[in-house]
Amino acid sequence: MVSAGDAEQSLQLQLQSKNVCVVGAGMAGMAAARELRREGHAVTVMEQSADVGGQWLYDPRTDGDDPLGAAVPVRVPGSMYACLRLISPREAMGFSDFQFLPRHGVAGRDPRRYPVHREMYCYLRDFCDAFGLMDAVRLNTRVLRVAETMPSSPSTRQWAVRSVHLGDGNEKEEVFDAVVVATGHYSQPQLPRIKGMEEWLRRQMHSHSYRTPEPFRGEVVVMVGCGDSGKDIALDLRRVAKEVHLTAKSTEEAMTPAMSKMLANHANLHLHPQVDQLHADGRVVFADGSSVVADTVMYGTGYTYSFPFLDTGGAVTVDDNRVGPLFEHVFPPSLAPSLSFVGVPRKVLIPWFFEAQGKWIAQVLSGRWALPPVEEMLQSVEEHYRAREAAGVPKKYTHDIGGVEPLKMYEFGEKYCDFPRIENWQRELILSGIAGMNEDMESFRDRTDDSENVRKGLQRWLGLAAPPQAQDDQTVAGKDTAAIEVDAQAMAKLLVN
């Protein structure tokens, strides 16, 4: 009779070790790197910035003479602004085995539930140090091109990766068994089409290039877009600007209790319907015919997926913010498993979801898990597209998981790599935060009115109480499906990564 230990040892001997390149050292890239190493793969992470962190690495520089971020790729990949605080609680933003615990009394750290952005960067550095990942990372290294070496079968496919060191300008080309693209989707601005943009003679910029409010002191600023970042930046600007005019496609939908309080509390904040036209004399005309004379128009209109280094011969394309075809938002069927993506989905729990994606990729590459045949993966992708279309979900929201199908977000890890769900109390904490944000954008982060369920979960999380009994865990798990289905509308408000 073969013991479980012998069976596992036999499996380990059969698993394959691959030489893998991870493009990007943000949260998604480092989550993937850790899982790949755990599975026995050799990992090289290439990162164009001077440190790990991705969007969490604050860069005071902007794109200078290209404030719209129209160049592809943008010169400065970072889009973080100085005052940003998390809008998701730290208790639900940790790796499964390396929690985002507060570091009280440590210089430069922010122990609050919703800390400033630097705390997330420090946490990722802690993660890299704890798991010895930094020796796999090449900083100041920009990937110029990723392409198949020669047409081959899936079992022998390899990838040529050409990179340049930004310090000395030396270029290098290397061959890898697999490539994981983890470059995120908050770098390349998505710009609207507004009549008169080309004639506008005053300052136009995308929020990608916003850092601090001081350059806008005494100005009239129009913020095109009314998402979470748009409102956050407007609140930052209103401290020094003469007036800040937010715009929304639907002022009725934008007029949440939080928006009502913002407008009531700050006389220099205003809400308008979307911009109809810009004029060379500085006038901004809104859809209802009203207008203001502005000094700056800022576009808080989101970002688009961009992989200018990736040459797949058309096998992977970006069309109206749909990256495809991707099986489960990860594997392009015709190039799987040697090419994969981590971090494409939007409105998911990070880094938890990235960790699950990385674990699945690592285990598929090693042979622990097998992918369906190419035809089945393509069929699955097409079915996903048709289901979204039938539900009235625009194409540009193809990769919005939490806001459309939150149940699938929770099921993903269980389905493909035996990854545990987050706990019930953590989900409750997320939803209460979303409700608080919709109620009062300025104060929700500092509320302390946790429920008894959250307080008990928090005690366990901090290690102050014994773990829950098995029976309690089963009871919570049994409630998950019904509870998650109720989360759909609330999760649509969740903005993370």
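## Exercises on a predicted model

The side chains of R113 and E91 make a polar contact at 3.0 Å. The exercises below concern this contact and other features of the structure, which is a predicted model.

### Exercise 1. The surroundings of R113

Determine where R113 lies in the chain, whether R113 is buried or exposed, and which residues R113 touches.

Solution. 

Step 1. R113 belongs to the loop between strand 2 (42-46) and helix 3 (117-130).

Step 2. The relative accessible area of R113 is 16%. Buried means under 20%, and therefore R113 is classed as buried.

Step 3. List the contacts. Leaving aside residues up to four places away in sequence, R113 touches S88, P89, R90 and E91, together with L429, D450 and L458.

Step 4. Return to the polar contact. E91 is one of the residues that R113 touches, and the side chains of R113 and E91 form the polar contact of 3.0 Å.

### Exercise 2. The pairing of strand 5

Identify the strands with which strand 5 pairs, and state in what sense and over how many bridges.

Solution. 

Step 1. Locate the strand and its cover. Strand 5 comprises residues 159-165 and is mostly covered, with five of its seven residues buried.

Step 2. Consider strand 4. Strand 4 (residues 141-148) pairs with strand 5 in the antiparallel sense, over seven bridges. Within this pairing, T141 has H165 of strand 5 as its bridge partner.

Step 3. Consider strand 6. Strand 6 (residues 171-176) also pairs with strand 5 in the antiparallel sense, over six bridges. Here F176 in strand 6 stands opposite W159.

Step 4. Examine the connection. Strands 5 and 6 form a hairpin with five residues between them. G169, in the turn, has a positive phi of about 80 degrees.

### Exercise 3. Backbone geometry in the loops

Locate the cis peptide bonds that join V72 to P73 and A336 to P337, then describe N321 and D418, two residues other than glycine with positive phi.

Solution. 

Step 1. Take the bond between V72 and P73. This peptide bond is cis, with omega about -5 degrees. P73 is found in the loop between strand 2 and helix 3, and R113 is placed in the loop between these elements as well.

Step 2. Take the bond between A336 and P337. This bond is likewise cis, and omega is about 0 degrees. P337 is situated in the loop between strand 18 (322-324) and strand 19 (339-341).

Step 3. Turn to N321. Its phi is positive, about 65 degrees, and its place is in the loop between strand 17 (317-319) and strand 18. N321 counts as buried because its relative accessibility is 7%.

Step 4. Turn to D418. Its phi is near 55 degrees, and D418 occupies the loop between helix 9 (406-417) and helix 10 (424-439). D418 is exposed because its relative accessible area is 62%, where exposed means over 50%.

### Exercise 4. The chain as a whole

State how many helices and strands the chain has, what share of its residues is buried, and what share of its contacts links residues 24 or more positions apart.

Solution. 

Step 1. Count the elements. There are 13 helices and 19 strands in the chain.

Step 2. Consider burial. Of the 497 residues in the chain, 51% are buried.

Step 3. Consider the contacts. Among contacts with a separation of 6 or more, 69% are between residues 24 or more positions apart.

Step 4. Consider the surface. The accessible surface of the chain is about 22100 Å², and carbon and sulfur atoms account for 50% of this area.

Conventions
Residues numbered from 1 in each chain as written. Predicted model: local features only at pLDDT ≥ 70, side-chain atom pairs only at ≥ 80, totals over all residues. Heavy atoms only, no water. Helix = DSSP H or I, 4+ residues; strand = E, 2+ residues; numbered from the N terminus. Buried < 20%, exposed > 50% of the residue type's maximum accessible area, 1.4 Å probe, protein only. Polar contact = N/O pair within 3.5 Å; in protein donor to acceptor, adjacent residues only side chain to side chain. Contact = heavy atoms within 4.5 Å. Pairing = 2+ DSSP bridges. Areas by Shrake-Rupley, 256 points an atom, 1.4 Å probe, with all protein chains shown as cover.
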